[in-house]
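Here are a few notes to read alongside the model. Have a look at it first, then go through the points in order.

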Amino acid sequence: MTAQEKQALLQFMGVTYGAAVKMDREIVSSSNQLTPISDSIKHQFARIMPVAVDDQPHSPPTPEPYTPPVPLVVAHPPELHPVTEPFITPELTYKGTVAHDANLIDTLISIRMALTRIGDILELKQENDKPAKKSKAQQT
């Protein structure tokens with residue numbers, strides 16, 4: 001790596017380390033489950049410091065010349081034969097009765113009413129669980 005590349009990397013790592021230390025102090029120190037990350041960044045920073053600087057700029061690798069793919073040529077397209085068997089559509093028949101349909105509709109209506117009652121109960125519970133707001137007269 002050149003001196004300029006190393007300088008840019010060290011500057012980036014320094015900014016990252018500073019942000020990590022700040023985050024460790026403000027957020028992680030007050031948590032029991034989070035672990036600080038600034039130490040690991042500090043170890044990586046120490047690993048990069050002794051890397052030798054190469055003053056010769058590296059040239060990018062020369063790209064290989066582009067060779068277009070060879071198109072696939074089919075000598076004779078396959079022959080298409082007409083379909084001789086007719087397509088048969090299946091018959092859909094409903095074997096239920098009107099009484100069965102009415103019973104199903106009654107069941108769906110009772111389920112909807114039960115869900116509505118459950119929703120109303122949950123809304124009431126949520127309203128009761130909220131702490132009451134104090135008015136300005138009560139605060140003074």
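1. Buried residues (under 20% relative accessible area with a 1.4 Å probe, protein chains only; exposed is over 50%, partly exposed in between) make up 8% of the 140 residues in the chain. Keep in mind that this is a predicted model, where local features need pLDDT of at least 70, side-chain atom pairs count only at pLDDT 80 or more, and totals for chains, interfaces and linings use all residues. Residues are numbered from 1 along each chain as its sequence is written, and side-chain values use heavy atoms, leaving out hydrogens and water.

2. You'll find 4 helices and 0 strands, taken as DSSP runs numbered from the N terminus (helices: H or I, at least four residues; strands: E, at least two).

3. Now for Ser-38, which lies in helix H2 (residues 38-48). Is Ser-38 buried or exposed? Ser-38 counts as buried because its relative accessibility is 9%.

4. Which residues does Ser-38 touch, leaving aside those up to four places away in sequence? They are Tyr-17, Ala-20, Val-21 and Asp-24, with contact meaning heavy atoms within 4.5 Å.
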